Amino acid sequence: MFENLTDRLSETLKSVTGQAKLTEDNIKGALRDVRMALLEADVALTVVKDFVDGVKERAVGKEVLSSLSPGQAFVKIVQDELVRVLGADTAKLNLSQQPPAVILMAGLQGAGKTTTVGKLAKYLKEIEKKSVMVVSADVYRPAAIEQLRTLAESVDVKFFPSDNSQKPVDIANAAIKDAKLQFCDVLIVDTAGRLAIDDAMMDEIKALNAAITPAETLFVVDAMTGQDAANTAKAFGDALPLTGVVLTKADADSRGGAALSVRTITGKPIKFLGMGEKIDALEPFHPDRIASRILGMGDVLSLIEEAEQKLDKKKAEKLARKVSKGKRFDLEDFRDQLQQMKNMGGMSSMLDKMPGMGGLSQVAQDQVDNKMFVQMEAIINSMTPAERRNPDLLNGSRKRRITQGSGTQIQDLNRLLKQHKQMQKMMKKMSQKGGMQKMMRGMQGMMGQAGLPGGLPGGVPGMNKRR
């Protein structure tokens, strides 16, 4: 997300950062580039004007002129203005009421509303430790109710059955009654979407909202529709007392215009980002962290939180004990690491959140995609337990058997073995004094071997050029 905007802003701010003194002229040029970057990202014109005016007002004042490092101060101003436009504070769900707290989901058809209900149910159950029930009040779309039932089963939350012959208000009221009897903390109500906004749709959802008085009314919108997402959200906001917005398909939106427009145009906070198709691909929206990500400064806090939630702690502790005792890092350990990386969204997702690595994430996406991890796992799975524990056993005939079993080539297997050797060396260095510094140097080599040109940022040709 935000790749295009990050590239443009990074280039612009780089030209200002080195300035010993900021003048009207070099600020004017930088602001012009910032304006163009935002417009190309499909940010709404009113939001662009407000943003640039805010930066200009602070940049030409004492705040920058009196700074010992004017260029750095200018970057800080841009970051602060981004945070302001994105919403300043993290907006959490308000669930502090008599259970069940009802969350009403609204939005157009195709925005990913029903899938988001499943993702939100999983988030509330696993992260917020809530007892959750879901219900579908979508009596128009074929298989909508069955889709939600399947999602509820996959995330292990309660599902209240409904059918197409019922009225949405009756469905919701019956679900609330049942949620009380089952002592559920939260009830999420999925509603019908339309291909476009129409009076009948708005009247129906207004009546539903008035009947159940939800704690949260969230508007679900496709981030890839750019500033249209903000305009659609505003139309819903004028009809409903929205409490927040969920931006779906944000991982596929390289421009980021919707995220920068929605908050200003609607006055409603973005509460979650849908970052992929997987059922756990839902992230709370933190304006300060997103601003850092846009400026290529990374998002280490989100990376740490994601690791705590998604990594297998027992496997990590087992590997740490093994390495600390000087035991060999074998191919079974290597397979575990590949699976952990996949759980974290792959290499590109991790790089996107690391400071200074934003540009590399697209290179990783292009050259080291998850298909490669799947292939590597298939190769390891085609080995016997003895071969995984001791790769030195792999002679010519064993290699042919493994590649035939995994549908790969000998060169694919040899590349994997070479990468494993690199990882093995890194793990050995970690158990020694000064291990972390040695490990980082090893990572550079690993990334080069994995297909990334030249390793980390300094060695990637053309990384500082605009794409």
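This note goes through salt bridges, surface patches, backbone features and an annotated span in a predicted model.

1. Basis. The model is predicted: local features need pLDDT of at least 70, side-chain atom pairs count only at pLDDT 80 or more, and totals for chains, interfaces and linings use all residues. Residues are numbered from 1 along each chain as its sequence is written, and side-chain values use heavy atoms, with hydrogens and water left out.

2. Salt bridges overall. The whole structure holds 14 salt bridges. The criterion is a side-chain nitrogen of Lys or Arg within 4 Å of a carboxyl oxygen of Asp or Glu.

3. Lys113 and Asp190. This pair forms a salt bridge, with the closest N and O atoms 3.6 Å apart. Lys113 sits in helix α6 and Asp190 in strand β4 (residues 186–190), so the bridge ties together parts that are 77 residues apart in sequence. Helices (H or I, at least four residues) and strands (E, at least two) are DSSP runs, numbered from the N terminus. Both partners are buried. Buried means under 20% relative accessible area, exposed means over 50%, and partly exposed lies in between (1.4 Å probe, protein chains only).

4. Glu81 and Arg84. The closest N and O atoms of this salt bridge are 2.9 Å apart. Both residues lie in helix α5, three residues apart, about one turn of the helix. Glu81 is buried at 5% relative accessibility. Arg84 is partly exposed at 39%. Asp50 joins Glu81 and Arg84 in a network of salt bridges.

5. Arg415 and Asp412. Here too there is a salt bridge, its closest N and O atoms 2.9 Å apart. Helix α21 holds both residues, three apart, about one turn of the helix. Arg415 is partly exposed, at 38% relative accessible area. Asp412 is buried, at 12%. Leu417 also has its place in helix α21 (residues 410–430). Leu417 is buried at 14%. From Leu417 to Asp392, the C-alpha distance is 9.8 Å, across 25 residues of sequence.

6. Positive patch. Lys28, Arg32, Arg35 and Lys56 form a positive surface patch. Patch residues have over 30% relative accessible area and no salt bridge; like charges are joined within 9 Å, nonpolar side chains (Val, Leu, Ile, Met, Phe, Trp, Tyr) within 5 Å. Lys and Arg count as positive, Asp and Glu as negative; His and the chain ends are not counted. Charges are placed at NZ of Lys, CZ of Arg, CG of Asp or CD of Glu. Helix α2 (residues 24–40) supplies the largest share, three residues. Arg32, in helix α2, is partly exposed at 48%.

7. Nonpolar patch. Met36, Leu39 and Leu45 form a nonpolar surface patch with about 270 Å² of accessible area together. Areas come from the Shrake-Rupley method with a 1.4 Å probe; for residues, only the protein chains shown count as cover. Leu45 belongs to helix α3 (residues 45–59) and is exposed at 60%.

8. Backbone points to check. The peptide bond from Pro99 to Pro100 is cis, with omega near 0°. Pro100 is in the loop between α5 (70–86) and β1 (101–107). Lys129, not a glycine, has a positive phi of about 55°. Lys129 lies in the loop between α6 (113–126) and β2 (132–136) and is exposed at 65%. Thr213 has a positive phi near 35°. Thr213 is in the loop between α9 (199–212) and β5, exposed at 58%.

9. Annotated span. An unreviewed UniProt entry annotates residues 269–282 as "domain: SRP54-type proteins GTP-binding". Such annotations may be inferred rather than shown by experiment; positions follow the numbering used here, and feature names are shortened. In the model, the span is 0% helix and 43% strand, with its end C-alpha atoms 16 Å apart.
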